[in-house]
Amino acid sequence: MITAAQMRAARALLGIDQRQLADLSGVSLPTVQRMEASEGTVRGVVDTLMKVIEALDRAGVELIGDNAVSREGGRGVRLKLPKPPETSST
């Protein structure tokens, strides 16, 4: 659904802090802090996650999942898949 890294990156793109995201989404600041401190995919109450995702969308951020195509043409950031380690044949 959304990763902690995506939440942090979305905030950075918008130039807002955790408190502002909490205000925009209608969730508590400690909830935003907990979500961003998690590893990998954010886990929590679906309704709360949707509030944050919808707030980011309203603010102008499109979250792009794995293997998804961006539906808009705006600027963005996407992580590449890590390259497998190179093996040397000696």
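Let me start with Leu81, which lies in the segment after α4; please keep in mind throughout that we are looking at a predicted model. Is Leu81 buried or exposed? Leu81 counts as exposed, because its relative accessible area is 74%, and the cut-off for that word is over 50%. If you look for Asp66, you will find that its C-alpha atom is separated from that of Leu81 by 9.4 Å, the two residues being 15 residues apart along the chain.

Now to the helix that precedes this segment. Helix α4 runs over residues 46–59, and its 14 residues reach 20 Å from the first C-alpha to the last, which is close to the 20 Å expected at 1.5 Å a residue. Which residues of α4 are buried? They are Thr48, Leu49, Val52, Ile53, Ala55 and Leu56, and because these cover an arc of only 160° around the axis, they sit on the same side of α4. Covering these buried residues are, among others, α1 (4–14), α2 (18–25) and α3 (29–37). On the face turned away from the buried side, α4 carries the exposed residues Val46 and Arg58. After α4 comes Gly60, with a positive phi near 110°.

Finally, a word on confidence. The mean pLDDT of the chain is 87, with 89% of its residues reaching 70 or more, and among the elements of the chain the lowest mean, 92, belongs to α1, whereas the highest, 98, belongs to α2.

Technical notes. Residues are numbered from 1 along each chain as its sequence is written. This is a predicted model: local features need pLDDT of at least 70, side-chain atom pairs count only at pLDDT 80 or more; totals for chains, interfaces and linings use all residues. Side-chain values use heavy atoms; hydrogens and water are left out. Helices (H or I, at least four residues) and strands (E, at least two) are DSSP runs, numbered from the N terminus. The expected span of a helix is 1.5 Å times one less than its number of residues. Buried means under 20% relative accessible area, exposed over 50%, partly exposed in between (1.4 Å probe, protein chains only). The arc is that of the directions from the helix axis to the C-beta atoms. Contact means heavy atoms within 4.5 Å. pLDDT is the predictor's confidence in each residue, from 0 to 100.
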